[in-house]
Every structure is written in C-alpha cells, then in structure tokens.
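Here are some friendly notes to read with the model open beside you. Could you follow the points in order and look up each residue as it comes?

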Amino acid sequence: MSTNLNEQLDKDLRTCQWFSVQCDESVDSSSTAQLMVFIRMVFEDFSAKEELLTLIPLRTTTRRVDIYNAMKTFFVEKKVPLEKLVSVTTDGAPAMVAPALVLGFTADFSQSPGQE
C-alpha cells in the first residue's frame, strides 16, 4: 500500500505544473524533533491536490541550517522537480524564517540541486 502511495505521489510531482511546500517543525513525545513537509500541487486543469510529502526526524539540533540540509537531502534523494517550486511556507518559528533558510530555498532550490 505504501509503495502505491509513493508511486502516485511521484507521478503527481512529475505531472503537476507547480507546487508549494509547507514546513512545520515540532517535537514528539520522545523528544525527537520532526519536520513535517506538506505539498500542494496544481495541475494543468488547475485542480489542486494536497499531501503529506514527508516526515523528517531532525536527529541533532533544529537550527536553520539543519532544517535546510534535511529538506535539501530529501529533495535531492527523491528527485523532486524543484523548477516547479513556487512557494515555501513555514510556521513562523525563528529557525524557519531566518534569512539563510529563506535564501537557501529560493536561491539553491531554484537551481535544482543534484541536477548540476
């Protein structure tokens, strides 16, 4: 079942025209920081679909560079077509809105890391 869901999400990412991501970092009951990443995809007929893209454990710290690197690693491994990324939304926490994170997403991700 999970394989089918992953395949469908991969297909949707390939066929969507644009997508945006929403990131939220929180700590679970075992004191492990988790980064939830949701995606909203818009297709050619302007229909939209929202999904939980991933849940990334942040094993060390939750500094902006840790969050950025975790997202970048996930995007590169999954071959997410970052040229379709149009928006990144966060929960407003200081680590999420710091200039390095925002500039990292807009600058590095717009150049499709891993595809150079």
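1. Let's begin with E50, which is exposed because its relative accessible area is 53%. Throughout this note, buried means under 20% relative accessible area, exposed means over 50%, and partly exposed lies in between, with a 1.4 Å probe and protein chains only. E50 forms a salt bridge with R40, and their closest N and O atoms are 2.3 Å apart. The two residues sit in distant parts of the chain, R40 in strand β2 and E50 in strand β3, 10 residues apart. R40 counts as partly exposed, because its relative accessible area is 39%. A salt bridge here is a side-chain nitrogen of Lys or Arg within 4 Å of a carboxyl oxygen of Asp or Glu.

2. Before going further, a word on what you are looking at. This is a predicted model, where local features need pLDDT of at least 70 and side-chain atom pairs count only at pLDDT 80 or more, while totals for chains, interfaces and linings use all residues. Residues are numbered from 1 along each chain as its sequence is written, and side-chain values use heavy atoms, with hydrogens and water left out.

3. How many salt bridges are there by this rule? The count comes to two. Besides the R40 and E50 pair, D12 forms a salt bridge with K49, with 2.6 Å between the closest N and O atoms. This pair also links distant parts of the chain: D12 belongs to helix α1 and K49 to strand β3, 37 residues apart. In general, side chains of opposite charge can pair when their charged atoms come close.

4. Is D12 buried or exposed? D12 is buried, because its relative accessibility is 5%. K49, at 26% relative accessibility, counts as partly exposed. Not counting residues up to four places away in sequence, D12 touches M41, F43 and K49. Contact means heavy atoms within 4.5 Å.

5. T15 is another residue of helix α1. With a relative accessibility of 40%, T15 counts as partly exposed. Its contacts, leaving aside neighbours within four places in sequence, are F43 and K84. The C-alpha atoms of T15 and M41 are 9.3 Å apart, although 26 residues separate the two along the chain.

6. Now the sheet. Four strands make an open sheet in the order β3-β2-β1-β4, with mixed pairing. At the edges are β3 and β4 (85-90), each pairing on one side only. From one strand to the next, the twist averages 20°. Helices (H or I, at least four residues) and strands (E, at least two) are DSSP runs, numbered from the N terminus; two strands pair if DSSP finds at least two bridges between them.

7. Strands β1 and β2 run antiparallel and are joined by 10 bridges, with V27 standing opposite A33 in β2. Helix α2 packs on the sheet and touches β1, β2 and β3; its direction makes about 120° with that of β3. For such angles, axes are lines fitted to C-alpha atoms, for helices over the stretch in contact, and angles run from 0 to 180 degrees between N-to-C directions.

8. β2 and β3 are also antiparallel, with 10 bridges joining them. M36 has L55 in β3 as its bridge partner. The two strands form a hairpin with five residues between them, and F46 in the turn has a positive phi of about 70°.

9. Which residues touch the most other members of the largest nonpolar core? Of its 23 residues, they are F19, V21, L35, I39, M41, L53 and F75. At least two core residues come from each of α1 (2-15), β1 (18-27), β2 (33-42), β3 (48-58) and α2 (64-78). Such a core is a set of buried Ala, Val, Leu, Ile, Met, Phe, Trp, Tyr and Cys residues joined through side-chain atoms within 4.5 Å. Setting aside neighbours within four places in sequence, V21 has contacts that include V37, I39, L53, F75 and L85.

10. Two last details. D66, found in helix α2, is buried because its relative accessible area is 14%; leaving out residues up to four places away in sequence, D66 touches L58, T60 and T61. As for cysteines, C16 counts as buried at 1% relative accessibility, and C23 is buried with a relative accessible area of 1%. The structure holds zero disulfides, a disulfide being a pair of cysteine sulfur atoms within 2.5 Å.
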